[in-house]
Structure formats: C-alpha cells, structure tokens
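Visitor: I am new to this structure. Please show it to me and walk me through it.

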Amino acid sequence: MSSVLTAAPASIQAPTPRLHAISWGGALAEPDAAALRPDRVRAIFDVELTNCCNAHCIMCPREKTPAMGLMEKGTFRKVVERAVEYGRVESFVMCGLGEPLLHPDIVKFVGAAAEAGLKPSIVTNGSLLTREMSRALVAAGLRNVNVSLGGFTRETYEAVHRGLKFDDVYRNTQDFLEAARGRAFLNIQISPTRATIHEAASIATFWRARGARFCFIFPFAASRGGSLSTSDGQVMQCQTERLYRMPHGCINIEELFRPTRRDARIMHRRAQFVCYPKDRVTFVSWQGLYQLCCSDYEKKHSVGSVFQRSVDEAYAHKARASPETNTVCAGCDFSGGDLKPRNIRFYIGAAVYLARSALATFA
C-alpha cells in the first residue's frame, strides 16, 4: 500500500493475524567482513511501520506529521537488510510515530525480522493487542512488547490516551502475558503527564506483580523537537520539572540510551554535538527515510533513504547536526549528551531491578 494519506484512516481495524512468513524472493544479504568493525556503535533501530494511529494522546503531536501512510514490504525488506549489513544492532523496535498494529503485515514483518536474527520488539498502545494477535506475534518470534499506559484509573487513562478504552487495554495486556509464557517479555512504558505521574508507582506495582519485566518512565515529556507545546500545563516540561527520583518500581527510560564506554568514545569522536537518541538510534520513517531523530515529528530533516545510503552513511550525516544547524535540535529540551556511560553500578542496578520484578511476580 503506497498511497499517502492526509489523516489517519478511520476505517483501519485490527488486522487478521497471519502466521506464514513473508517471502522476500531471496536470502537476506550477509554482513560483509567489516560489518562488526569496532568503530560502530551498538545501534537501536526504530522502524516506523506507519504513522497512523487510533488514539489522540495528549503527549503526542502526531497531527504535525506532514503525511501519513503504511510502509511497503519492499521498504521493510531493505530496512532489515541494512540492519543485518550494519551488524551491531542492540534492538530492532517497530514503533515510529504511529501504532504498528495498524499495519496489516505486522505479523509477517515480525517473522522476517526474527528470521534475520534481529530480536524484534514493538511499542503499542495495546488497544489492538488482542489475544489472537498476541499469540500470532509470539509465534512469529516477537521478543518484547512495550505497552504505553498513561493511567492506573479509568478516568486518568482515558483523559491521557484519548480515544482508547481503559478496560480493553488492561485486558489485552494481561492476555499478552498469558500468550507469551516466557517466550516474550512485557514492558510498561509511562509518560509522566501531570495526570499520570501520581499513578506511576501503582501502575508499576500492578504490572510487575503480573510478570512485566520493566516499567519504564520518562523523567520528562520532552518537547518532541519543538513540536509539542507544554504551555497548557498538561505535559511536564523537561528542564524545569525533571524527575530526579523515579516513582517506586519504575526505571528511568534514559537507561535505554545509555551507551557503553566504548560507544560513548566513538560518538564523541565522531560528533561535536552528541545526543544519544540522535547518535545511537537509527530512525526509519514509513517512506524508508533515515530521519535525524525520533523527535522529528514534522519530518523536517532526513539524511537519505535506505535504498541509497547505508546506516554508516546516515550516522555520518547525523553527526553534523547540532542546535546551530537544524530546528529539531534547536527546539528540543532533551539533553541527550549528558548521560554517563554504563558502569558497574548500571549493571548491578539492572540486576537488582530484575530480581525484584521476579520476586514481585511470585509474591
């Protein structure tokens, strides 16, 4: 499906799960001899299957995206080939700026990524994560699901995730846990709006006791590269209202971006202005374009197509970006270069958190 949509199609429903693998018509390209060379950072792929969505969440300025549509099979194949070619892929997440479960080929895409050894994950609002869909995704090789939950009460949740039903999402999330049964992991993802932040600890306690591995929380709701206004008081500002203490049971999602010491040295050697979401995350739009950053909601700055450039070439172009050279960095309030590299405390902290999650499950 290649047509460009001017708005999210209201007629799109949950796709019928299909378990058969997608046929590429040929084997995936093997990485060349330099694919694992030491000057490559471990990349996080963020692949936008679609920027359409069935919700209107208050912390997401999706209405500012210039065009909406669905990624074609050929484009997804090329993204997978680029990831395999690059070699050092830490995670392969199907998210972007929309709801990935709206894509009719989501199960096929998960299967193709798993077959390529990429350990596929998705980020979803959970509304379309039905029991049948969960079983199909797990059978296809899905490794992680991050469900965005912005409230522990019906009133809060439906005020944050406008257009979704609290009962449906909580039921679907529980159904995924039952379908996964150790073959895939559930993570809960929380954006701290003013309405949500006081319920974050309850969300974490509830889902960790039921088997969720991580409960991630943003210590801020960033301005999304200047696309999201915080002036109405609903969304917390980054610099002035940063949460230095995580709510009980939650872990800072910044840890996702925290690099190893080697990766930190590579990025600081390559770019004068280092921001880990920019310099570690490979964001590919539904059209197959490398975007500067996942916060570029208005798609102002692409650095080429997956059909024309390798991941290395895209990173080389992104390394030149700074608040002085583009409006996305200039309008962003996330200081992504301030994160310290991973150290022994990081690994001990992660181990303790996982141990506590396991104990909560059996309590």
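Guide: Start with a term: buried means under 20% relative accessible area, exposed over 50%, and partly exposed in between (1.4 Å probe, protein chains only). Helices (H or I, at least four residues) and strands (E, at least two) are DSSP runs, numbered from the N terminus. The model is predicted: local features need pLDDT of at least 70, side-chain atom pairs count only at pLDDT 80 or more, and totals for chains, interfaces and linings use all residues. Residues are numbered from 1 along each chain as its sequence is written, and side-chain values use heavy atoms, with hydrogens and water left out.

Visitor: Which residues of β1 point the other way from A43, F45 and V47?
Guide: β1 is mostly covered, with five of its five residues buried. A43, F45 and V47 point one way. The other way point I44 and D46.

Visitor: What is the bridge partner of D46 in β10?
Guide: β1 also pairs with β10 (residues 281–284), in the parallel sense, over four bridges. There, the partner of D46 is F283.

Visitor: Which are the edge strands of the sheet?
Guide: The sheet is open, has ten strands and mixed pairing, and runs in the order β9-β8-β7-β5-β4-β3-β1-β10-β11-β12. An edge strand here pairs on one side only. The edge strands are β9 (251–252) and β12 (302–305).

Visitor: Which residue in β5 stands opposite T124?
Guide: Strands β4 (residues 120–124) and β5 (residues 144–148) run parallel. Four bridges join them. Opposite T124 stands V147.

Visitor: How many salt bridges does a search of the whole structure find?
Guide: Side chains of opposite charge can pair when their charged atoms come close. A salt bridge is a side-chain nitrogen of Lys or Arg within 4 Å of a carboxyl oxygen of Asp or Glu. R77, K78 and E81 are linked in a network of them. For the whole structure, the search finds eleven.

Visitor: How many residues apart in sequence are the parts that E48 and K299 tie together?
Guide: The side chains of E48 and K299 meet in a salt bridge (3.1 Å, N to O). E48 lies in the loop between β1 (43–47) and β2 (56–57), and K299 in the loop between β11 (289–291) and β12, so the pair ties together parts separated in sequence by 251 residues.

Visitor: How far apart are the closest N and O atoms of D167 and R154?
Guide: At 41% relative accessibility, D167 counts as partly exposed. R154, at 42%, also counts as partly exposed. The two form a salt bridge, and their closest N and O atoms are apart by 2.7 Å.

Visitor: What is the C-alpha to C-alpha distance between F273 and R320?
Guide: F273 is found in the loop between α8 and α9 (276–280). F273 is partly exposed, with a relative accessible area of 28%. F273 and R320 are 47 residues apart in sequence. In space, C-alpha to C-alpha, the distance is 7.8 Å.

Terms used: Pairing = 2+ DSSP bridges.
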